[in-house]
Amino acid sequence: MSETATFLGLPDADPFGALEADIAVLGAPHGTPYEPGAENDCAIAPAAMREASAGYAGLLDHYDFDLEGTLLGDSAARVVDCGDVAGNASDGAGNRAAITAATRAVLDAGAAAVLLGGDDSVPIPFISAFEAFAPLWILQIDAHLDWRDERDGEHNGWSSVMRRASEMPFIEGLVQVGLRGPGSARSLEVEDARTWGSNLFPAAAIHADGIEPALAKIPKGVNCLVTLDCDGIDPPAMPGMIYPAPGGLSYAQAIGLIKGAANRAKLVGFDITELRPAKDPTGLAALTAFRLAANAIGAMARAV
Ligand SMILES: [Mn+2]
């Protein structure tokens, strides 16, 4: 376990023990760095989300208007916090192996997995663990396309998440929501994403037409994993992140997407990445990030 209290005061657990859970939280402070050894501002994000949640640990039996009921509703879902996956700022390959192993242990125990990143490279090894869940759809909430094959020779960094996902044979479809402004993508990557068949919904399309057209792309009854980069959310609601981009999704749109995905499909995984506590002086970003993860847990519990 990490030294901070658990997420929402949930019981702690060892993913490699005899895990008995329906939903398990994991922290992943370290992923695949572009500059091995460099300080990563997202490494303390799992602790920041757990800290932001601490004041709400006593309210688990209170009505949550986001979820129209208590966190777990009428479900008897067992939810645990498995602490942080061990890692460091230098060893991308080792970090990836550790994230995949811990996630696989959670899934093998029959639990859904909730991963607290870490930068946006941690979804690659997280998604890799879901190979037994075909047909799996990915709903990405992010300002950025993340379809680079490589950057500076690194194929597993935060600009490559969706391309790596597209190559995994158990992934059936991608829905990418919140795209806006410039990022690592060039026209070539946008063309590649479209050619593969990824469903691209710029933030402007969501603001114009709502979230339903994006949700409608997810076939009913499939397995679904939601990967949420904090920069998908509009900066005023998420002030601490690596690459803020104006014009993002509202909190209401984001939780609507999470709940909507869980209603159409089986939500088997959720990750949240790129929270940057050093740029979050009031703690508002950590609060919003914790609440997004809590909504994912609530949506998963309602399916147990
Ligand atoms: Mn992003």
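In these legends, helices (H or I, at least four residues) and strands (E, at least two) are DSSP runs, numbered from the N terminus. This is a predicted model, in which local features need pLDDT of at least 70 and side-chain atom pairs count only at pLDDT 80 or more, while totals for chains, interfaces and linings use all residues. Residues are numbered from 1 along each chain as its sequence is written, and side-chain values use heavy atoms, with hydrogens and water left out.

View 1. P135 is in the loop between α3 and β4 (136-141), and a cis peptide bond links A134 to P135, with omega about -5°. The other cis bond joins G117 and G118, where omega is about 15°. G118 belongs to the loop between β3 and α3 (123-128).

View 2. Donors here are N, O and S atoms within 2.8 Å of the metal (3.2 Å for Na, K and Ca); water is not among the atoms, so sites may look incomplete. Look for D142 (OD), H144 (ND1), D229 (OD), D231 (OD) and D231 (OD), which coordinate the manganese ion at 2.2 to 2.7 Å. Along the sequence, the donor residues follow the spacing D-x1-H-x84-D-x1-D. Residues are called buried under 20% relative accessible area, exposed over 50% and partly exposed in between (1.4 Å probe, protein chains only). D229 is buried at a relative accessible area of 3%, and D231 is buried too, at 1%.

View 3. Two strands pair if DSSP finds at least two bridges between them. In β1 (residues 23-28), six of the six residues are buried, so this strand is largely enclosed by the rest of the structure. From β1, I23, V25 and G27 point one way, while A24, L26 and A28 point the other. In a regular strand, side chains alternate between the two faces of the sheet. Strand β1 runs parallel to β2 (residues 79-84), joined by four bridges, with I23 opposite V79 in β2. Six bridges pair β1 with β3, again in the parallel sense, and V25 stands opposite V114 in β3.

**View 4. Strand β3, covered on both faces.** Six of the six residues of β3 (residues 112-117) are buried, so β3 is largely enclosed by the rest of the structure. On one side are A112, V114 and L116, and on the other A113, L115 and G117. Strand β3 also pairs in the parallel sense with β8 (residues 266-273), over four bridges; here V114 stands opposite F270 in β8.

**View 5. The largest pocket.** On a 1 Å grid over the protein atoms alone, a cavity is a set of points where a 1.4 Å probe fits but cannot get out, whereas a pocket is an open set with protein on both sides within 12 Å along at least five of seven lines; lining residues have an atom within 4 Å of a point. Grid points are joined across faces, edges and corners, and a volume is the space filled by probe spheres set on the points. The largest pocket has a volume of about 350 Å³. Its lining has 19 residues, and Y34, E35, E39, N40 and W158 lie nearest its centre. Ala, Val, Leu, Ile, Met, Phe, Trp, Tyr, Cys and Pro count as nonpolar, Asp, Glu, Lys and Arg as charged, and the others, Gly among them, as polar. By these classes, the lining of the largest pocket has seven nonpolar, six polar and six charged residues.

View 6. N40 is in the loop between β1 and α1, and its side chain makes a polar contact of 2.9 Å with the side chain of D119. R50, in helix α1 (residues 45-54), is buried at a relative accessible area of 1%. The R50 side chain reaches the backbone oxygen of G83 at 3.5 Å.

How values were computed
A polar contact is a pair of N or O atoms within 3.5 Å; within protein, one must be able to donate a hydrogen and the other to accept it, and residues adjacent in sequence count only if both atoms are side-chain atoms.
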